[in-house]
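Please look over the sequence and the structure shown here before reading on.

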Amino acid sequence: MKKEYFADVLGDISEDYIKEAMKPEKAKSRTWVKWAAIAACAAIVAVGGFAAWRQISAPSDIHAGVQIADSQTSETADSSGIPSITLNGTTYIVSSHAAVYDELPEGFELAGEASIGGDESYQYYVNLDVPEWVYVYQEVTTDGTLDSSGTLTDRAKHGAYVRYVDERLRGKALISFEGKFYISMWSAEYYGSSPDVTQEYYDEMKELYGVRIEGAVPEGFRLAGTAEFTGEDTVPTGELSSNTSPLAVYYNPANPSVIYAETYWYTATKEEKGETRHDGFNVYILYDCPFN
Amino acid sequence: VKGKISEVKPLDDEKIVMLYWDRDEQAIPETAEKYGSYCTAIARNILESREDAEECVNDTYMRAWNTMPPHKPSVLSTFLGKITRNLSLNRYRRNTAEKRGGGEAEAVLDELLEIVSDKDSTEQELYRKELISEIDTFLGTLTVKKRGIFVLRYWYFESVSSIASKFGMTENNVSVTLNRIRLKLHDYLLERGFEL
């Protein structure tokens, strides 16, 4: 028996033993900063309020044995194993909103082919009016509908148009307010190949305002209104809009560097009886939006 | 103007799993908050490169997102840990194929050579379940401490020195204990007819 195989087998020993072995160690630290890193990579920002959900074929289908089609185009997987396509130096990562369509969305036109995994070739489509998106026609696997009882009806493997989003936009919660762009502290990144902000700025803003606050909006801030939802993966534009959902936004005319968006969340720890709702605000900081 | 960062306690596992089932993005930060360091520790034990380890942990969340639903793990920590362990071992293999090995994994895998022959076997998949169940039975015969030492080494890929400090033992003592358990396990499985 191969040692690697045996190591795999040992991976499946009783969960009780795995848990038991960790018992002496109890310390756990808060690691939300790590989450920021993860937020960027994870496939996975929400598919909120939907009746049907779809899942794009596993990245393993795509990122194994990636071939570069030509000097301008390459389809590959980014560092986190999520499918991505690079066109003229811009990297597009598969949408975190599982944007998969049977029909090619309007305005997009065939622009070329990217070869994936040797022989297979995937067509991609662009729209000059929406340079932050690219659609790739590819095979998708688990693609089904979820009924009210939570039962998923699968669809067989089939071709579909999958949206890829500029990595500088993908998964970023943005608000446009009075012509300025704000990015959620949850999605602002100061690292990676295309950081949103500098680390100095990020650290400073985090120190001053945090990421999310609980309770009332800080003094001096007043309601700007409810941001218009411009759609998932979009760059919000206009007086007050958001690309995550319609949000109540608070601003302080004397301090344009930060705005607050109303939010709530739940906790349910052992100490609590049932769920506790928390009301508060996500912190959005002024930033230099590359899509401005 | 200064807001205060809210102190939010980690969610119960059941709640986190529910977030996955609800396809709620919050599942990821909650998972990272609660189990990020746990998964990172496993990946770091197996992989020398911090970058590789981080990628495996990120992939763990994605894998979790893709498997829940329909999966509903009873123990979220070990469910995630197993994914991280698998991904990290796979990455390790790829790296060694590219001659970029190293790390604790190499030492741990070499120690396993005292239990198995490292020869290819075609039938092993057929009795994998039985093998796991016999290993579980064997581990059940050990004291909690010895079992802990074994699991930390061969499941978590912890270094001998780290195990030693956890149990207040000398490194030599840990090595000797591991050595004895390996031999016992080897004999135990051989007696039960497994082709090692």
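## Contacts and make-up of chain A

Two residues are taken to be in contact when heavy atoms of theirs lie within 4.5 Å of each other. In this model, which is predicted, 60% of the contacts in chain A between residues at least 6 apart in sequence join residues that are at least 24 apart.

Chain A holds 5 helices together with 20 strands, and of its 292 residues 52% are buried.

## Helix α7 of chain B

In chain B, helix α7 spans residues 144-154 and is mostly covered, since 8 of its 11 residues count as buried, which means that each of these has under 20% relative accessible area. The buried residues of α7(B) are B:R147, B:G148, B:I149, B:F150, B:V151, B:L152, B:R153 and B:Y154.

B:K145 also belongs to helix α7 of chain B, yet this lysine counts as partly exposed because its relative accessibility is 42%, a value that falls between the limits of 20% for buried and 50% for exposed.

## A positive patch on chain B

B:K145 takes part in a positive surface patch, which it forms with B:K146, B:R180 and B:K184. The elements that contribute two or more residues to this positive patch are α7 and α9 of chain B, the latter covering residues 171-191. Helix α7 of chain B is thus mostly covered while also giving residues to the positive patch.

Note on methods. Residues numbered from 1 in each chain as written. Chains lettered and ligands numbered in written order. Predicted model: local features only at pLDDT ≥ 70, side-chain atom pairs only at ≥ 80, totals over all residues. Heavy atoms only, no water. Buried < 20%, exposed > 50% of the residue type's maximum accessible area, 1.4 Å probe, protein only. Helix = DSSP H or I, 4+ residues; strand = E, 2+ residues; numbered from the N terminus. Patch = residues over 30% accessible without salt bridge, like charges linked within 9 Å, V, L, I, M, F, W, Y side chains within 5 Å. Areas by Shrake-Rupley, 256 points an atom, 1.4 Å probe, with all protein chains shown as cover. Salt bridge = Lys/Arg side-chain N within 4 Å of Asp/Glu carboxyl O. Lys, Arg positive; Asp, Glu negative; His and termini not counted. Charge placed at Lys NZ, Arg CZ, Asp CG, Glu CD.
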